Number of protein chains: 2
Amino acid sequence: MVPNALGRLIPEEIDGKKLKPFMGAHAGHGGGRKAAPPIRAVPDYAKKLRASLDETIDACGIKDGMTISFHHHLRNGDYVVNMVVDKLAERGLKDLTLVPSALFPIHEPLIGHIENGVISHIEGSMNGPVGRACSLGKISKACILRSHGGRYRAIQDGDIQIDVAFIAAPAADHFGNCNGHSGPSACGVMGYALADSLYADKTVVLTDNLQPFPVFPWVIRGGNVDHVCTVEKIGDPELIISGTTRITRSPTRQLIAEYAARFVRDIGMLDEPDFSFQSGAGGISLAFLKYLGDIMREKGVVARFARGGSNRYLVDMLEEGLIEYILDGQCFDLAGVRSLRENPRHLETDPFTSYCYHTKGNFAPMVKVGILGATEIDIDFNVNVNTHTDGWLLHGIGGFTDVTDSQITMITAPLLRGRLPVITDSVTTVTAPGEVIDVLVTERGIAVNPAREDILARLKGSDLPVRTIGELRDMAVSLSGVPEKPEYEDRVVALIEWRDGTVIDTVRQLKVQA
Amino acid sequence: MVPNALGRLIPEEIDGKKLKPFMGAHAGHGGGRKAAPPIRAVPDYAKKLRASLDETIDACGIKDGMTISFHHHLRNGDYVVNMVVDKLAERGLKDLTLVPSALFPIHEPLIGHIENGVISHIEGSMNGPVGRACSLGKISKACILRSHGGRYRAIQDGDIQIDVAFIAAPAADHFGNCNGHSGPSACGVMGYALADSLYADKTVVLTDNLQPFPVFPWVIRGGNVDHVCTVEKIGDPELIISGTTRITRSPTRQLIAEYAARFVRDIGMLDEPDFSFQSGAGGISLAFLKYLGDIMREKGVVARFARGGSNRYLVDMLEEGLIEYILDGQCFDLAGVRSLRENPRHLETDPFTSYCYHTKGNFAPMVKVGILGATEIDIDFNVNVNTHTDGWLLHGIGGFTDVTDSQITMITAPLLRGRLPVITDSVTTVTAPGEVIDVLVTERGIAVNPAREDILARLKGSDLPVRTIGELRDMAVSLSGVPEKPEYEDRVVALIEWRDGTVIDTVRQLKVQA
């Protein structure tokens with residue numbers, strides 16, 4: 001084990017693969033060459049429609065030890081991961097590597113396949129039960145967690161070699177052109193599947209809504225697709241996206257959102273041209289949009305763009321003219337899907353153009369302020385979004401580390417979650433280093449990273465309760481006490497990868513009372 | 001020299017590169033891996049705007065012997081090729097390889113740069129003066145002519161390694177997102193530049209219309225762009241696209257167009273579902289659209305799609321509802337540009353999705369009938385579009401060989417052009433083999449390739465004048481006499497590449513009377 005730039009210990013090698021320890025948020029400058037997919041020829045693709053999933057799997061020649069991938073735009077309503085892995089298990093396949101962009105509670109049946117050796121490795125976000133199984137050491141090889149941009153990078157750079165990409169498609173044609181705009185399982189944006197389609201050896205489109213050629217926009221291009229197969233249902237529309245997203249009703253969280261919006265106003269950001277922002281679809285983020293909208297209306301400010309996760313509050317702002325463009329990475333509710341389909345100022349993005357660190361620039365550094373949540377933040381501003389204070393691995397990174405390239409990165413969080421302090425001396429797991437986190441907003445005060453003297457200067461004259469992060473930590477601990485540290489086994493069960501492919505931290509197996 | 005599958009003699013090697021002789025139109029099945037561009041990182045692209053072309057060229061580090069590329073969507077109105085090459089010549093650079101998708105008469109000043117050693121090699125279409133210079137043996141190395149799809153393939157497969165791609169952009173933002181939809185130099189579609197942006201070591205966007213971020217659609221994605229530079233004018237709007245395209249007034253050519261449309265009707269193609277077609281923007285093609293439109297209206301037929309080159313006649317058909325979608329590869333007039341920008345059923349394509357032979361399928365084989373012109377066709381249905389009967393290399397391939405994947409490929413041509421027969425015993429240069437050419441339509445009759453017995457059967461009962469191609473050749477020769485063969489030097493000055501990267505024919509230096 002060697003210490004990385006944050007002092008976290010990283011194995012030199014794991015499962016036969018050499019690891020590169022984290023060197024600093026922007027220390028990586030690329031190098032080497034992108035993956036080079038095989039060259040195929042048109043005469044071999046005269047007919048892509050397959051009669052069944054079985055025929056499709058036969059055509060792909062899937063073997064033991066192969067790597068298969070999925071996107072998560074169907075979120076907790078996705079049927080495709082379970083459908084495909086069940087089928088591969090039936091066929092007696094073993095030792096598969098799964099590369100989902102994310103897994104959700106609906107994918108809990110994978111645990112059986114992990115236990116019986118069908119799946120031996122996962123590179124992807126594991127929200128909920130599969131993450132819990134990982135924490136328990138059930139998955140043979142160490143899992144790898146990456147951000148959305150980090151996943152694109154890993155596939156592009158050849159760190160992940162996908163044998164077969166299975167792409168759930170709400171609307172597709174026989175050629176394989178597809179998108180998520182319409183159909184019974186419409187999910188809106190579908191950009192997380194882009195890298196898979198470009199670099200996988202074989203790409204399969206699974207759809208419950210085969211449309212006449214041409215399906216447009218071809219978010220996934222048929223020229224990258226080997227097989228198209230219709231299935232009865234790719235997902236449960238009720239669960240794919242919320243009917244509506246909801247603003248928090250908690251007064252604590254509303255106060256945090258209000259402070260966040262006032263912060264944006266008080267540092268003068270709304271008086272500069274080309275305001276832009278990104279916030280999520282959690283309760284605080286949605287409340288932030290409401291407060292921000294009020295201030296923008298009052299000041300007559302129009303944002304040049306907002307990055308989505310789109311939701312009805314963001315769409316309302318677009319339609320009202322408070323935002324000129326939504327640059328959307330995923331749709332969180334039906335209003336987002338409708339707006340993407342109908343509004344020419346609601347633009348679909350993907351991790352290449354939004355987030356990937358190994359490109360000639362991306363959109364993230366153009367965002368003026370990014371508002372993010374966290375499970376923990378420590379007095380060095382290091383942030384954890386993957387594990388809880390009790391050590392359980394329960395969340396993916398999502399776009400978190402990619403969004404930290406915003407000109408100001410703000411964490412909004414209550415002092416306590418359950419009975420545990422959110423602000424600690426040292427986070428359980430480092431997802432993002434303190435050097436990229438600029439502001440913490442809590443219900444008891446706002447702490448600015450001391451490295452950002454410019455922000456502190458801009459806050460002069462504000463009546464916001466500015467504190468040091470140490471003061472906020474003390475308040476949190478005085479309310480809750482210092483939590484017990486979890487007990488671990490030696491084994492590393494997951495690696496937290498930074499955007500550039502280096503390892504920023506590890507997650508160890510939990511010691512569980514028998 | 002070894003004979004290829006058509007018996008044409010191909011050098012085993014030229015300028016140190018081994019050549020692969022043509023094996024048959026669909027004999028190639030790919031193999032090997034695509035080019036792997038270098039991996040770059042976001043922190044090195046914080047600011048892409050350069051103050052001048054000089055600063056841009058400095059930033060690119062262009063050296064003697066490098067390869068630079070251009071697209072030709074500005075056609076005969078393009079200023080960018082001359083502007084850049086003049087500047088490189090001023091700097092004393094030598095031995096450059098030029099990879100334009102096509103050159104036009106406006107690029108005649110390149111001949112000076114060829115003569116003084118600035119340019120030693122061209123891989124791209126050479127329409128007019130530069131082609132003439134090639135025929136005279138002025139270009140040091142043997143030029144390579146490819147179709148639009150063939151050029152994409154060559155860049156994708158790494159046969160061409162572009163050091164710096166210069167992309168003329170009618171609308172661009174500071175990040176490098178760009179398209180051709182608007183601005184003083186609007187050209188509509190801009191897909192020919194796609195491969196360059198994806199695979200070049202460095203990509204430069206030159207624009208006379210810098211717009212606020214985000215320019216959308218990002219036909220060229222900023223994430224692939226190194227530098228953005230504004231120049232006064234990228235082209236002459238009067239010459240970039242015709243104000244209006246015009247139907248032929250020649251009664252002979254009108255008759256050919258009428259026969260072509262009646263052929264489509266008489267073989268019953270309009271009675272089948274999902275009619276689709278592609279024709280160009282030449283005088284006969286436009287007249288064909290008029291006759292076809294009349295028949296479609298009469299029969300109540302709606303085409304599922306038409307492939308562009310878009311023009312006002314095609315746009316009229318779209319707007320009238322005779323066509324559901326235009327899938328456009330380039331805009332030939334202002335009506336095409338306007339429609340692309342405004343009509344959601346007018347879709348922008350590029351050579352990857354339309355034409356490239358080394359993909360998992362493309363659009364070409366979905367087209368029911370493709371209507372093409374030719375300079376010569378021989379009794380084996382081999383077609384020449386590159387040279388004239390007198391041996392001068394004056395035209396690029398364009399999309400010609402890619403379109404031959406249509407379900408029926410039809411050549412429309414008059415029996416004579418000037419005083420020379422279009423139908424010969426053996427074409428001066430083979431651009432496409434007879435195996436992919438199905439029908440020849442002339443003013444004196446229609447010849448069907450005997451290999452297409454199905455088409456002959458479908459023509460039973462038609463009152464069209466069906467002849468053998470031998471009969472048409474005899475008619476042509478009886479009118480004009482047998483033309484003299486040009487005299488050549490030994491040197492091969494150009495290679496005609498088939499879609500898969502094999503060489504279908506060569507062009508030799510012309511012996512010119514002193």
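Predicted model: local features only at pLDDT ≥ 70, side-chain atom pairs only at ≥ 80, totals over all residues.
Residues are numbered from 1 along each chain as its sequence is written, and chains are lettered from A in the order in which they are written.

The domain assignment, which is automatic or taken from a database, divides chain A into domain 1 (48-123 + 160-240) and domain 2 (251-480). The centres of these two domains, taken over C-alpha atoms, are separated by 31 Å. Domain 1 of chain A contributes 13 residues to the contact and domain 2 of chain A contributes 14 residues, where two residues are in contact if their C-beta atoms, placed from the backbone, lie within 7 Å. On the side of domain 1 that touches domain 2, eight residues are nonpolar, five are polar and none is charged. Here Ala, Val, Leu, Ile, Met, Phe, Trp, Tyr, Cys and Pro count as nonpolar, Asp, Glu, Lys and Arg as charged, and the others, Gly among them, as polar.

Helices (H or I, at least four residues) and strands (E, at least two) are DSSP runs, numbered from the N terminus. In helix H2 (residues 80-90) of chain A, the buried residues are A:Val80, A:Val81, A:Val84, A:Val85 and A:Leu88. These residues lie on the same side of H2(A) because they cover an arc of only 115 degrees around the axis, the arc being that of the directions from the helix axis to the C-beta atoms. A residue is buried if 20 or more other C-beta atoms, placed from the backbone, lie within 10 Å of its own, exposed if 12 or fewer, and partly exposed in between. The packing partners of the buried residues of H2(A) include strand E12 (164-169) and strand E15 (202-207) of chain A. Just after H2(A), A:Gly92 has a positive phi of about 80 degrees.

In E15(A), six of six residues are buried. A:Lys202, A:Val204 and A:Leu206 point one way, and A:Thr203, A:Val205 and A:Thr207 the other way. The table lists strand pairs; two strands pair if DSSP finds at least two bridges between them.

| Strands | Sense | Bridges | Partners |
|---|---|---|---|
| E12(A) and E15(A) | parallel | six bridges | A:Ala168 and A:Leu206 |
| E15(A) and E16(A) | parallel | four bridges | A:Leu206 and A:Cys229 |
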